[in-house]
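Please keep the sequence and the model at hand while reading.

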Amino acid sequence: MKQAGFPLGILLLFWVSYVTDFSLVLLIKGGALSGTDTYQSLVNKTFGFPGYILLSVLQFLYPFIVDPENVFIGRHFIIGLSTVTFTLPLSLYRNIAKLGKVSLISTGLTTLILGIVMARAISLGPHIPKTEDAWVFAKPNAIQAVGVMSFAFICHHNSFLVYSSLEEPTVAKWSRLIHMSIVISVFICIFFATCGYLTFTGFTQGDLFENYCRNDDLVTFGRFCYGVTVILTYPMECFVTREVIANVFFGGNLSSVFHIVVTVMVITVATLVSLLIDCLGIVLELNGVLCATPLIFIIPSACYLKLSEEPRTHSDKIMSYVMLPIGAAVMVFGFVMAITNPQDCTHGQEMFYCFPDNFSLTNTSESHIQQTTQLSIVNISIFQ
């Protein structure tokens with residue numbers, strides 16, 4: 001919302017969710033047309049070995065540029081402990097269907113976190129000054145916003161794993177499941193984005209929890225719930241990366257020993273990356289434009305266009321022709337903008353409105369609204 005402009009941001013969320021819904025169905029249709037049952041085999045049959053390698057790299061890299069749990073105090077210790085205690089054991093499962101109940105718990109916690117964000121929009125929002133450009137229709141960083149939204153909706157890399165876990169999987173059943181899932185997801189995203197942006201407007205950060213004050217016990221509980229959702233959700237990403245390694249280097253099958261070795265290797269490297277990075281905004285943007293965008297916009301459309309024998313005027317083909325150049329543009333321009341204009345990150349420092357004496361200052365001086373967190377804290381001490 002901060003990057004795109006609030007009204008345009010809402011429209012873009014609906015658009016990205018629609019594209020995600022369409023491309024997920026398109027992906028399984030492509031699998032049915034080619035007689036394949038994995039994302040890699042679909043691309044391999046459609047575009048040969050070069051396409052297979054490109055997709056494998058994208059799927060392999062996706063879990064390694066996710067930075068979970070950077071809001072906790074003593075994050076290095078807690079990330080390490082939670083990884084060994086929870087993430088690694090869950091990632092060692094061989095059947096992704098066994099994570100169904102775990103994912104349900106994660107969904108419930110997400111709903112709880114949403115309730116906390118909505119509550120703080122009511123109780124905290126009126127006390128935080130609104131920035132000048134808070135309600136403009138569109139902003140020049142909208143492409144970056146599309147990258148972040150794409151990251152939020154990406155699930156293509158494990159679509160075939162989930163599809164194969166269905167009882168009597170069919171394209172029709174998959175389509176119904178995807179339509180329902182995307183509708184629920186887009187409304188959760190809209191509520192999160194709207195409540196978060198209404199609370200903080202131009203001060204909103206890439207990691208929304210960085211905006212809240214450290215002495216807010218309710219939000220601290222929300223941070224804990226968020227950490228748990230990451231712990232419970234991340235094993236699904238490990239499944240994909242492990243499958244890529246198995247397909248590329250082991251002919252699709254891993255022995256029990258190599259299953260454990262590869263899982264430990266993937267989890268270890270991903271954990272090390274998360275320990276080194278503490279700013280979520282740039283991670284979301286780069287992951288969105290470099291991995292999520294080609295996996296959502298480009299590859300499913302390209303596979304379907306090459307495999308389908310439908311006429312060019314067919315609605316699926318028209319939509320695919322539209323998605324391809326848009327995805328390419330978002331990928332290129334989004335990457336450039338993410339590097340040249342990264343999101344703000346306070347790296348765990350308190351925002352200026354968390355200091356009681358600063359409320360009167362910010363409401364009476366426009367210059368305070370334009371300051372960064374550090375400058376605002378300095379200004380408070382000077383005036384005092």
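The points below cover the overall fold, the packing of helices, the salt bridges and a nonpolar surface patch.

The structure is a predicted model. Its chain contains 14 helices and zero strands. Of the 384 residues in the chain, 51% count as buried.

**Overall fold**

- From one end of the sequence to the other, the chain follows the pattern α-α-α-α-α-α-α-α-α-α-α-α-α-α, in keeping with a count of 14 helices and zero strands.

**Packing of helices**

- Two packed helices are described by the angle between their axes and by the distance between those axes.
- Helix 10, residues 280–307, and helix 11, residues 315–340, have axes that come within 8 Å and cross at roughly 160°. Helix 10 is therefore roughly antiparallel to helix 11, since angles over 145 degrees are counted that way.
- The crossing of helix 10 and helix 11 is left-handed.
- Helix 10 also packs with helix 1, which spans residues 6–34; the angle here is about 40° and the axes are 9 Å apart. This angle makes helix 1 oblique to helix 10.
- Helix 1 passes helix 10 in a crossing that is left-handed.

**Salt bridges**

- A search of the whole structure finds four salt bridges, and the points below describe some of them, including the pair formed by Asp-316 and Lys-29.
- The side chains of Asp-316 and Lys-29 meet at 3.0 Å, N to O.
- Asp-316 is buried, because its relative accessible area is 11% and the limit for a buried residue is under 20%. Lys-29, at 28% relative accessibility, counts as partly exposed.
- Asp-216 and Arg-120 form another salt bridge through their side chains, at 2.6 Å, N to O. Asp-216 lies in the loop between helix 7 (171–200) and helix 8, whereas Arg-120 lies in helix 4 (residues 100–123), so the pair ties together parts that are 96 residues apart in sequence.
- Both Asp-216 and Arg-120 are buried.
- Arg-214 and Glu-210 also meet in a salt bridge, with a distance of 3.4 Å, N to O. Arg-214 counts as partly exposed at 26% relative accessibility, while Glu-210 counts as buried at 2%.

**Nonpolar surface patch**

- Val-248, Phe-249, Phe-250, Val-257, Phe-258 and Val-261 form a nonpolar patch on the surface. Together these residues have about 560 Å² of accessible area.
- Helix 8 (217–249) and helix 9 (256–276) are the elements that give two or more residues to the patch.
- Helix 9 gives the most to the patch, with three residues.
- Phe-250 is found in the loop between helix 8 and helix 9.

Key: Residues are numbered from 1 along each chain as its sequence is written. This is a predicted model: local features need pLDDT of at least 70, side-chain atom pairs count only at pLDDT 80 or more; totals for chains, interfaces and linings use all residues. Side-chain values use heavy atoms; hydrogens and water are left out. Patches are made of residues with over 30% relative accessible area and no salt bridge: like charges are joined within 9 Å, nonpolar side chains (Val, Leu, Ile, Met, Phe, Trp, Tyr) within 5 Å. Accessible areas come from the Shrake-Rupley method with a 1.4 Å probe; for residues, only the protein chains shown count as cover. Helices (H or I, at least four residues) and strands (E, at least two) are DSSP runs, numbered from the N terminus. Axes are lines fitted to C-alpha atoms, for helices over the stretch in contact, and angles run from 0 to 180 degrees between N-to-C directions. Angles under 35 degrees count as roughly parallel, over 145 as roughly antiparallel, 65 to 115 as roughly perpendicular and the rest as oblique. A crossing is left-handed if the near helix is turned anticlockwise from the far one by less than a right angle, and right-handed if clockwise. Buried means under 20% relative accessible area, exposed over 50%, partly exposed in between (1.4 Å probe, protein chains only).
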